[in-house]
Amino acid sequence: MISIRRYLLRTLAITMVVAGGVAVTAAYLITDHELEEILDTQLSLHSRIVAGQLDPNATIDDYARMASRMGLPEYPAQLYRDGKAVPVISAESGSQLYHEEELKLVLGFWNADGSPRLLGGKWSDAGPFPAPLEEGFRWESYDGHRWRVFSMFDFASDTWISMGVRGSFHDEVVERITWNNLLPMLFLLPLLLWLMSRIILRGITPIQALSSQVQGRSAHDLRKIDNPVPQELNELRQSLNDFITRLKETLERERRFTADAAHELRTPLAALRIHLDNAQAGGEHSLQKAYVGVERLQRVVEQLLILARLDQVATTSPATIDLYPIIAELVAEMWPLAEERNQHLRLTGLTQLEVRADEVEVGILFRNLLDNALRYTPEGGEVEVELALWEGSPQLIVRDTGPGLPEALLDKVTERFRRAAGQGTTGSGLGLSIVSELAQRQNARLTLSNRTPHGLAVIVTWEQNQQQNH
């Protein structure tokens, strides 16, 4: 991908060139229009001044004197009588000095019938310039050139007066003005490009500094980025810091999980080896203990796999589900285990209860609750599962007649690998931790309380109003 600096420099350079081209084109068109207006005004004004100076009774000699004043070296004015050219004697006072641009401005006089009377030198070289047919402005072609002409009829002297400027003069002035605007831009363009390059480099320096801060860190350096950055990079820095925080939490969770899991697996493995050694030596009682150790190890592994899955899978999108068929199916599935231990397992409460949750995760949550209740309830005990509504919120309640939990442990038993002392060795310390995490993912609240005279009640309350039912 192209670098930001190169992209900005190239884009700004192209933009500047295009903008300059548009500006020059606009300047050319505006100048062309405005200059035409100015020249038209000058032609009109001077024609009226000349008309005001004409003597209605002027003779051919008067026009001859005018011709001698209008003539330029090598370009004498041409006097006509009865439509035919007559010689003109140059006056001594006729100026021999003239501006070259005067050759592009010409004055002419015609009789009322359109026959020429007096024409400037540039309007007589290739024959008389075309006579005006009406008053006003027009473009006229003559001798290979275009002329902008203003014509008017002077009734006092019964004379047509035309004054014109050659089109090339108009074009040259427009081009000259345009080039005068363009040349400074062409000279300044390299300087502007250099300045833009420096400005862009300075502008992206904070980005490079921020990149260096991240790139230069070791894999174990998860401190937040606190270096000052421009306002535009605040959100990027905040996003990086949020990512670092999440990464730190993830790594810390994995580190803690790995350490705890290693500890929990090491203990049953060591005990299992001892029991197997004793069983090999002939101890049948040790073989039974080894079986219990394998059972616990299997449970720990299963729970660890569930936790790993929950840590990796993002929160799912909830849907409206009915709890009763899910709970009833899982109760039926766990019924043989309760029967084996002569426990009384029953499902009470509502037979339809809708919640906004994920069906698979609700199944895992309830399975762990019911498994814990059956595991810690003694033989002949009772486990009750109830679906209820409390102040409009759906509830799943699991009650058992086991030993319960110490009051000091009720708020901490949902931590991973936290188990109450003296409750056997088959538990993994992960069941309620899984339930707690799944409850949070389902927007539910988990409540634990001891029962009287003994036992534990676990209540999962979905924080939402549901339609209930029957």
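**Close-up views of a predicted model**

**View A. The side chains of Glu384 and Arg346 meet in a salt bridge, with 3.7 Å from N to O (a side-chain nitrogen of Lys or Arg within 4 Å of a carboxyl oxygen of Asp or Glu).** This pair links distant parts of the chain, as Glu384 belongs to strand β11 (residues 382-390) and Arg346 to strand β9 (residues 344-349), 38 residues apart. The model is predicted, so local features need pLDDT of at least 70 and side-chain atom pairs pLDDT 80 or more, whereas totals for chains, interfaces and linings use all residues. Residues are numbered from 1 along each chain as its sequence is written, and side-chain values use heavy atoms, with hydrogens and water left out. Strands (E, at least two residues) and helices (H or I, at least four) are DSSP runs, numbered from the N terminus. Glu384 counts as buried because its relative accessibility is 13%, whereas Arg346, with a relative accessible area of 40%, is partly exposed (buried is under 20%, exposed over 50%, partly exposed in between; 1.4 Å probe, protein chains only).

**View B. Glu384 also forms a salt bridge with Arg399, at 3.6 Å from N to O.** Glu384 lies in strand β11 and Arg399 in strand β12, so the pair ties together parts of the chain that are 15 residues apart in sequence. Both Glu384 and Arg399 are buried. Through salt bridges that share partners, Arg346, Glu382, Glu384, Glu386 and Arg399 are joined into one network.

**View C. A salt bridge connects Glu140 and Arg138, whose closest N and O atoms are 2.8 Å apart.** Arg138 counts as buried because its relative accessibility is 18%. The structure holds 13 salt bridges.

**View D. The largest pocket has a volume of about 450 Å³.** Its lining consists of 18 residues, and the closest to the pocket centre are Glu102, Leu105, Val106, Leu107 and Met163. On a 1 Å grid over the protein atoms alone, a pocket is an open set of points where a 1.4 Å probe fits, with protein on both sides within 12 Å along at least five of seven lines; lining residues have an atom within 4 Å of a point. At least two residues of the lining come from each of α1 (4-53), α2 (60-70) and β3 (105-111). Helix α1 supplies the largest share, 4 residues. The lining divides into 11 nonpolar, 4 polar and 3 charged residues.

**View E. Leu188, Leu191, Leu192, Trp194, Leu195 and Ile199 form a nonpolar patch on the surface.** Together these residues have about 580 Å² of accessible area (Shrake-Rupley method, 1.4 Å probe). Members of such a patch have over 30% relative accessible area and no salt bridge, and their nonpolar side chains are joined within 5 Å. Ile199 is found in helix α3 (residues 167-215). Ile199 counts as exposed because its relative accessibility is 61%.

View F. With a relative accessible area of 33%, Gly21 is partly exposed.

**View G. Glu415 is placed in the loop between β12 (393-400) and α8 (431-441).** Its relative accessible area is 38%, so Glu415 is partly exposed.

Methods
Grid points are joined across faces, edges and corners, and a volume is the space filled by probe spheres set on the points. Ala, Val, Leu, Ile, Met, Phe, Trp, Tyr, Cys and Pro count as nonpolar, Asp, Glu, Lys and Arg as charged, and the others, Gly among them, as polar. Patches are made of residues with over 30% relative accessible area and no salt bridge: like charges are joined within 9 Å, nonpolar side chains (Val, Leu, Ile, Met, Phe, Trp, Tyr) within 5 Å.
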